[in-house]
Amino acid sequence: MSTTETKQLAGKVGLVTCSTSGIGLGIARAFAGAGMNVMLNGFGDRAAIEKMRTELAAEYGVQVSYSPADMTKPAEIAKMVAEAETVFGRLDVLVNNAGTTNGITRFEETPPGQPKYAARLSLPHAEADQRSTGRNRGQ
């Protein structure tokens, strides 16, 4: 990221779904490195996630929180968004990294129903966002 981009992100708050490993963790790390406070989300060993959370916070001097919300459950998503707004006082960026391939690595091998499942993982974010704030943030 350029210095200008980093300055634009410093002090903002980002929530990255499925960010306890892989691409999501990379995004969360980049946000923290740019000075953003971050809400992590995902599954995994709680002790390992807590260690990762504290290390990110210490390394970059930002606040890092965690929610184990299941992205297939709208009520948990709404609770996670509300928690982020409570902990940080705001939510500026949402990265929906949630998805599943069930171990499939090539798009051509994806079963016909799989894209619908991935879409169902994505859509509750928008619905939860609108419900938690009472407004459509895209407008």
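What share of the 139 residues in the chain is buried? Buried residues make up 35% of them, where buried means under 20% relative accessible area, exposed means over 50%, and partly exposed lies in between (1.4 Å probe, protein chains only).

This is a predicted model, in which local features need a pLDDT of at least 70, side-chain atom pairs count only at pLDDT 80 or more, and totals for chains, interfaces and linings use all residues. Residues are numbered from 1 along each chain as its sequence is written, and side-chain values use heavy atoms, with hydrogens and water left out.

**Overall layout**

The chain has five helices and four strands, and along the sequence they follow the pattern α-β-α-β-α-β-α-β-α. Helices (H or I, at least four residues) and strands (E, at least two) are DSSP runs, numbered from the N terminus. The chain exposes about 7,900 Å², of which carbon and sulfur atoms supply 54%; this area comes from the Shrake-Rupley method with a 1.4 Å probe.

**The sheet and its helices**

The four strands form an open sheet with parallel pairing, in the order β3-β2-β1-β4. Two strands pair if DSSP finds at least two bridges between them. At the edges are β3 (64-67) and β4 (93-95), each pairing on one side only. On average, neighbouring strands are turned by 20° against each other, direction ignored. Strand β1 (residues 13-16) is joined to β2 (residues 37-41) by four bridges, and Gly 14 stands opposite Val 38 in β2.

Contact means heavy atoms within 4.5 Å. Axes are lines fitted to C-alpha atoms, for helices over the stretch in contact, and angles run from 0 to 180 degrees between N-to-C directions.

| Helix | Strands | Angle |
|---|---|---|
| α2 (residues 22-33) | β1, β2 and β4 | about 175° with β1 |
| α4 (residues 74-88) | β1, β2 and β3 | about 155° to β2 |

**The cores**

A nonpolar core is a set of buried Ala, Val, Leu, Ile, Met, Phe, Trp, Tyr and Cys residues joined through side-chain atoms within 4.5 Å. The largest one has 18 residues, and Phe 31, Val 38, Leu 40, Leu 56 and Val 64 touch the most other members. Two or more residues each come from α2, β2, α3 (46-60) and β3. Not counting residues up to four places away in sequence, Phe 31 touches Gly 14, Val 16, Met 36, Val 38, Val 93 and Val 95. A second, separate core has 12 residues, including Met 39, Ala 69, Ile 77 and Phe 88.

**Two single residues**

Ser 65 lies in strand β3. Its relative accessible area is 12%, so Ser 65 is buried. Leaving aside neighbours within four places in sequence, the contacts of Ser 65 include Val 38, Leu 40, Glu 83 and Phe 88.

Cys 18 lies in the loop between β1 and α2. Cys 18 is partly exposed because its relative accessible area is 28%. Although it is not a glycine, Cys 18 has a positive phi of about 50°.

**Confidence**

The average pLDDT of the chain is 81, and 68% of the residues score at least 70. This score is the predictor's confidence in each residue, from 0 to 100. Over residues 125-129 the pLDDT is below 50, and this stretch has 11 contacts in the model beyond near neighbours in sequence. Residues 135-139 also have a pLDDT below 50, with six such contacts. Where pLDDT is low, the predicted coordinates should not be read in detail.
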